[in-house]
Amino acid sequence: MLGAHAVLLECSHLWAGEHQAEVSPVCSPQVIEAEQRSSKRWELTPEGKEIVQEGSHEARVFDSIPAEGLPQSELMKLPSGKVGFSKAMSNKWVRLDKNADGGPRVFRAVESVQDSVREKLQLVQQGEAESLEEKDRNELKKRKLLMEVIIKTYWIRKGSAFSTTVTKQETDLTPEMLASGSWRDLKFKAYNFEALGIMPESGHLHPLLKVRTQFRQIFLEMGFTEMPTNNFIESSFWNFDALFQPQQHPARDQHDTFFLQDPAEATDFPMDYLKRVKKIHSQGGYGSQGYKYDWKLEEARKNILRTHTTAVSARMLYRLAQQKFTPAKYFSIDRVFRNETLDATHLAEFHQIEGVVADYGLTLGDLMGTLREFFTKLGISQLRFKPAYNPYTEPSMEVFSYHRGLQKWVEVGNSGIFRPEMLLPMGLPEGVSVIAWGLSLERPTMIKYGINNIRELVGHKVNLQMVYDGPLCRLDS
Amino acid sequence: ELCFQFGLELDEITSEKDIISKEQGGGKAEGASDIILYKIDVPANRYDLLCLEGLVRGLQVFKERIKAPRYKRIMPANGGVQRLIITEETAQVRPHAVAAVLRNITFSKDRYDSFIDLQEKLHQNICRKRALVAIGTHDLDTISGPFTYTARPPSEIRFKPLNQSKEYTASEIMDLYRTDSQLKHYLHIIENKPLYPVIYDSNGVVLSMPPIINGNHTKITLNTRNVFVECTATDITKAKIVLDILVTMFSEYCEKQFTHKCNFLCNMLEKVKPDLINKKIGISEKPSSLAKLLTRMCLKSHVTGSGNNIEIEIPPTRADIIHACDIIEDAAIAYGYNNIQMTIPKTYTIANQFPLNKLTELLRQDLAAAGFTEALTFALCSQEDIADKLGVDISSTKAVHIANPKTAEFQVARTSLLPGLLKTIAANRKMPLPLKLFEISDIVIKDSTKDVGARNQRNLCAIYYNKNPGFEVIHGLLDRVMQLLAVPPSKASGYLIRAAEDSAFFPGRCAEIFAKGQSIGKLGVFHPDVITKFELTMPCSALEINIEPFL
């Protein structure tokens, strides 16, 4: 049978396997190639077959009527009675005498009949259906004596790996095969390379913290030392006053800042420094007029959740000023808190990224150059600077980068040179400038990972599937 | 583009029609103006740019289209200077007041609107919602000086407030405005004081009862020619700034432009060395070019001496300039930030990681490698999260309490990472089991030895959520963490766990963890009450330890 080609009938389930199923070895295309063809043919229905044997219903009705006729009621009891009678009537083979004695009676109307239906069906049975006229075929089909059958055939040829010996194909290599060397003679089932593999079981790092790791890396590459920012609770003194932010500033309002009920106040300050801070606010000094208002210690004592990591930068710069000055570069990435109105991109807490450089004679050009290097490492090359206002930096500049996706300049950070009113009371030498910049960690992460709602990223409503599926964080690619 | 260079932010280009249809729906906008409005954000310290008059003046000078105006104080022709007498009683409520007169002003509808609008903006900004400063403006021709600023018991103050038809006492006025959408926000400033501030003219006419309302008698109209401006304040510096801004902005419409009469308005002279400007910015411009740059910023400047000094006249509009660095910034803005050559500082430093963060980074990597997924939960939460839901009383926690939370979600700083992880699981119940999560982050606890009375503590927390409690999984993770920290399981110098009781955990299924000679945390199977309270349905076990002893 498996000669040059063979025909398999009714084999429609042959290729039933879906993409993931392994194909049965006999049918693998390397062994046998198969081609589907289809053809039509006419066949008799069981009723048609009966007519070929016994004659058509109308012929059988005709034959059963004796010369003296048959009462219609009896005729109807015959197996072919109902169908045969009406056909025989329309063929005018029989007649009906409704007025006969004992009820309506059927008589032969002609001497003999030619059973053409039977003859035509006989032709079909002999495979000569094509010789019938289409009108006749349709008539017989209508009478449910004929039916059209579609036959699917498969033309099968030897495949490239055809063999007359039936070998069971192996699914995979086993240690035994390796030991015995039997793998050399075995056939292996084909793999379906369209299918996906099985994901490894593993834990995953959080996308925002993956980005944090990269920012940390960038700062370390640039020689910046990490600040200890593990103090969410801060006094207003370090968060605001030390930064020369006046006590009536709107940022110090209940609407913007979380104040603490317990512990409500900070108790311990470097008092000499605090006095200098008080003086610069209320009277000025160091070449500044100050804000000239009544600076109150109670206000500075108020504990808050820090609103920026710059509070820690202030502590670090104060500490730096207490020793013989050496240049310093600091960075931090940590949580800050704002009592703000929440929306799709704002939460009450977020991560602030901050960089600070302190050295003699730093210029605005140095700040811009440092920012350029920093943002280049983030894969951002086109930068533009806009004048801005910050209470504790002067000059201040907002950093904009051109976003190719949005086709516009978007703000990517804020920067400036710390005011002398902040640095000199700390005790830093006069010629020392401190440049600084900051940005949020959430915003670049949302852009990087295409997240629109910050709650999907940060907090307990995180989409864990997103965490599972997240790619590596490569900021420069 | 011009705005960008000048440090302004063009927020939105819109029209009155657009704004109304956005806020109230399309139907209401019909008939509103189609005139294009430019919404511009100005820097928070530039009060002189808050009105169109100042903004246009500033930009014109910047583009060198006009010269910076020089504001002058003048004496009235008849020599009669108006006086405002401040009585001692005001010290108890609102101790300061300053005043000025804008003479021979010509208002139009637009100018008048802008005048009112600027007062409102100043009230909201620098005046801190009238708490620091309140402005009153009056038609000088309806009253006669000298004026008296005093404070009286509310029952003794009686006048017809602005736009009212009859007289009220001060107490009645307070009641009257209790429901006023605007004025009700200012009542608290004086409400509980025994004396209310009030300004009278020489005939006893009430000008105003600051910071609440003016009298109707002195109401200014489009026909007003002489405006008496008074600012009462708790902060004298701010009162002067506000008065200066108001009069300098609107003296443009006086017969002699930019002239008005007041008690302290003056141009200050500052000297800055050109060298310093160049050095701070990182440019090398000639002194004369620097003087020109500054002049474009409304800071009239010229080189003095042998060219080693620039003398700068600071107009009363620029109260933001309090130090040479403010002048240097203006020079940089005029030079153009984006024209400055970028340089890399030569500062040489060796980088160091913060040891606690370094340890955290290393542990995070290996916890993920151990099959646990990292969560990032909020540091703030409700009292319920850290107390009731874990079966403890809030008073027994060392939690830090927030005084002004807007919602319960921000009542306290977390004292444990467990609630955050449990909530993370609750929000991800549809995910396939098991759920294995961890977090290494800070909790906050009260600590009286710290200057602020509280400190952070770096905790490691992990949780296992499945059809079985999986205590052995969590226990195994503890063993792995200790292995990573090179701490052996041993009573003497390593770590051990010992049966313990904790309301969060199922009795008999909780142990305390000891290492480095101290208790570092607990592990266990959660109490069914805890599981239910966090809206979970499966057994669950967890571990939380302090990692700071391992530094």
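Which residue's side chain meets that of Lys522(B) in a salt bridge? I looked it up: Asp502(B) does, at 2.9 Å from N to O.

**Entry 1: ground rules**

I am working on a predicted model, where local features need pLDDT of at least 70, side-chain atom pairs count only at pLDDT 80 or more, and totals for chains, interfaces and linings use all residues. Residues are numbered from 1 along each chain as its sequence is written, chains are lettered from A and ligands numbered from 1 in the order in which they are written, and side-chain values use heavy atoms, with hydrogens and water left out.

**Entry 2: salt bridges**

I noted the rule: a salt bridge is a side-chain nitrogen of Lys or Arg within 4 Å of a carboxyl oxygen of Asp or Glu. Over all chains, the structure holds 41 of them.

I went back to Lys522(B) and Asp502(B), whose side chains meet in a salt bridge. This pair links distant parts of the chain, 20 residues apart. Lys522(B) lies in strand E26 (residues 518-526) of chain B, and Asp502(B) lies in the loop between strand E24 (495-499) and strand E25 (505-515) of chain B. Helices (H or I, at least four residues) and strands (E, at least two) are DSSP runs, numbered from the N terminus.

Next I checked accessibility. Buried means under 20% relative accessible area, exposed means over 50%, and partly exposed is in between (1.4 Å probe, protein chains only). Lys522(B) has 24% relative accessibility, so it counts as partly exposed. Asp502(B) is partly exposed too, at 22%.

Salt bridges that share partners also join Arg212(A), Glu361(B), Arg364(B) and Glu374(B) into one network.

I then looked at Arg318(B) and Asp330(B), which form a salt bridge at 2.9 Å, N to O. They sit 12 residues apart: Arg318(B) in the loop between strand E17 (309-314) and helix H9 (324-335) of chain B, Asp330(B) in that helix. Both residues are buried.

Arg178(B) forms a salt bridge with Asp175(B), with the closest N and O atoms 2.9 Å apart. Arg178(B) is partly exposed, at 37% relative accessibility.

I took helix H10 (residues 355-369) of chain B. The expected span of a helix is 1.5 Å times one less than its number of residues. Just after H10(B), Gly371(B) takes a positive phi of about 100°.

Helix H4 (residues 109-124) of chain B has 16 residues. It reaches 23 Å from first C-alpha to last, close to the 22 Å expected. Among its buried residues are Tyr112(B), Phe115(B) and Leu118(B). Their cover includes helix H3 (52-62) and strand E5 (96-102) of chain B.

**Entry 3: strands**

I traced an open sheet of five strands in chain B, in the order E4-E7-E10-E11-E12, with mixed pairing. Two strands pair if DSSP finds at least two bridges between them. The edge strands, E4 (84-86) and E12 (213-214) of chain B, each pair on one side only. Three bridges join E4(B) to strand E7 (residues 147-152) of chain B, and the two run parallel. Leu84(B) has Phe147(B) as its bridge partner.

Five bridges join E13(A) to strand E14 (residues 393-403) of chain A, and they run antiparallel. A hairpin of five residues connects them. Pro387(A) stands opposite Met397(A).

**Entry 4: where the chains meet**

I counted 92 residues of chain B in contact with 107 residues of chain A. The area buried between them is about 8400 Å², of which carbon and sulfur atoms give 56%. Buried area is the accessible area (1.4 Å probe) that two parts lose on being put together, summed over both. Six salt bridges lie between the two chains. The side chains of Glu439(B) and Arg335(A) meet in a salt bridge at 3.8 Å, N to O.

Conventions:
Contact means heavy atoms within 4.5 Å.
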